[in-house]
Amino acid sequence: MLLVSGLLVWQAFVHKRTNALSMPPSPPSNHWLWGHVLPKEYPFLQIDKWIAEYGPVITLRTGFTKHVQIGRQQALIDIMERQGTVLADRPHAISTSELFAQGASIGFVPAGERIKSMRRALHTYLAPRAAEHYEPLITVHARAFILDLLDNPYDFQEHAKTFSSSLVLQVAYGKDTLTRASDPSVQQVQDQNERLRLVMSPGAYLVDTIPMLKYLPWYARRLKDGFKKDKELFESHLDDIETKMNNGDPNPSFARHLLEHEEQYQLSRIDMAFLAGALFSAGSDTTATGICGILLSLALHQEEQCMVSEEMDRIVGTERVPVFGDEDSLPILRAFIAETIRWRPIAPLALAHKTTADVYWDKYCILAGTTVQGSIWASSRDPDFYSDPEKFDIKRWLTTRAFREDMKFLAFGYGRRACPGQHLANRSLLINTMLVVWSFHLSMSPIKDCDDRLYLSGFPHQRAYDLRFKSRMGSDTLRDAIRRPAILT
Ligand code: HEM
């Protein structure tokens, strides 16, 4: 007991004194030993409350470890973006880095040459220019999504998953057939995402406080077994690509790119397998959740949905199907997407970064080696950027005529570790929203007590909402129009 209290005093006072400036302020902790205890459900709501009371940047304590939460946009830009070189690292925790990721998943790879190489490879394949190159492919899958909705609107979540899985599997492995949500590999990746959610939920695994637990063979079995299965899945995909290449298959893919540039990237075989797999695991559930969030938002905000539909009718009309080239002429639709992502962010907590040098901000210093988390949720409630932040208000993204390009919301994380798939994801959300609005009028089926926050916990196992899709032009006409070959400009 005395030793524990001594350690806490050292952490809180002596350690801090090595630098003249203090760490950002702390709210009172809930427990003398555990520190700031966060609820398991929607933990970001508690962080938001503390940010509102104690300032944009706060220090929390979990056991003996201090970590910093940033919850306002300007502070995020000043710290995570402008000082990004010293925030490119990830914290090491036994539960996440060792038991869940076993050093292989990019999201937990520390700063250094290895992550630089991985991100360089991803950039080649997913940078804005590259994402534009995928527009024809995205369009094909988005049209299949509309046909799925027409045939069976009840399973809209499954269809969104079919869209995102088919797209990322084609980019990652050149797979050119539909991958249904019921496919075993999609189920396995969903399981991986659930394990990730579990391992990241506050206080889920005691091993981070009592490290020797990791040596117990029965401890955290789900994480250990899950990793083995992920490894088998991703390695088998990579092996397949190699076999196809050796047999003269010309299909391009990210996995093939990695194999062909093995010398350049200097990545091990397991790194290549997990990096290609990361497109699947990081890109599939997130994109599907984003699409479902937009469908829900359309159904909930009838007045705004009518504004978007009216713009669609005026600009595109009913004689042709909307295409990517219509983007600049549809500011209201773009505002609707931007406001939905702000109002209900797809990844409200993001992933933690770690400082590799002291970071100065305002009158504070965040010491080297500190875990720093940018709270996407709290920043979406930033009153300096978004007046009346709880209100769903698409007008905040519009001037009298255009979409406000100067407005920013960091929905995809920050600095050197920002989401490399964001351009592909944004193109996907855009064309799906265009096609849905052109095709349907959406409404909620009249169920009571709709909790519109369910997608904040990630892609749900079961259908979270009952949405109704009414075809705006009659099912047969719509089916014919969507089936007609796309004019992709
Ligand atoms: C709407 C969809 C998506 C959202 C909201 C999203 C959000 C995020 C966020 C918040 C992070 C953490 C950033 C940080 O640490 O600062 C991240 C990381 C990542 N995302 Fe995404 N993402 C989406 C789609 C995608 C797609 C489509 C791909 C790939 C095809 C992808 C690949 C990755 C990878 C590989 C990382 C890890 C980067 C690293 O650790 O360096 N994501 N994403």
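At what angle do α13 and helix α17 (residues 422-439) pack?

## About the model

Welcome! This is a predicted model, where local features need pLDDT of at least 70, side-chain atom pairs count only at pLDDT 80 or more, and totals for chains, interfaces and linings use all residues. Residues are numbered from 1 along each chain as its sequence is written.

## Two helices that meet

To return to the opening question, α13 and α17 pack at about 35°, and their axes are 10 Å apart. Axes here are lines fitted to C-alpha atoms, for helices over the stretch in contact, with angles from 0 to 180 degrees between N-to-C directions. Helices (H or I, at least four residues) and strands (E, at least two) are DSSP runs, numbered from the N terminus.

Gly 283, Thr 287 and Ile 291 are among the α13 residues in this meeting, and Ala 425, Ser 428 and Asn 432 are among those of α17. Contact means C-beta atoms, placed from the backbone, within 7 Å.

## The nonpolar core

The largest nonpolar core holds 125 residues, and Ala 276 is one of those with the most contacts inside it. Such a core joins buried Ala, Val, Leu, Ile, Met, Phe, Trp, Tyr and Cys through C-beta atoms within 7 Å; buried means 20 or more other C-beta atoms within 10 Å of a residue's own. Helix α13 (residues 269-300) gives the largest share, 18 residues.

## A four-stranded sheet

Four strands form an open sheet in the order β1-β2-β6-β3, with mixed pairing. Pairing requires at least two DSSP bridges. β3 and strand β6 (residues 371-374) run antiparallel, joined by two bridges, and Lys 354 sits opposite Thr 371 of β6.

Terms used:
A residue is buried if 20 or more other C-beta atoms lie within 10 Å of its own, exposed if 12 or fewer, and partly exposed in between; C-beta atoms are placed from the backbone. Two residues are in contact if their C-beta atoms, placed from the backbone, lie within 7 Å.
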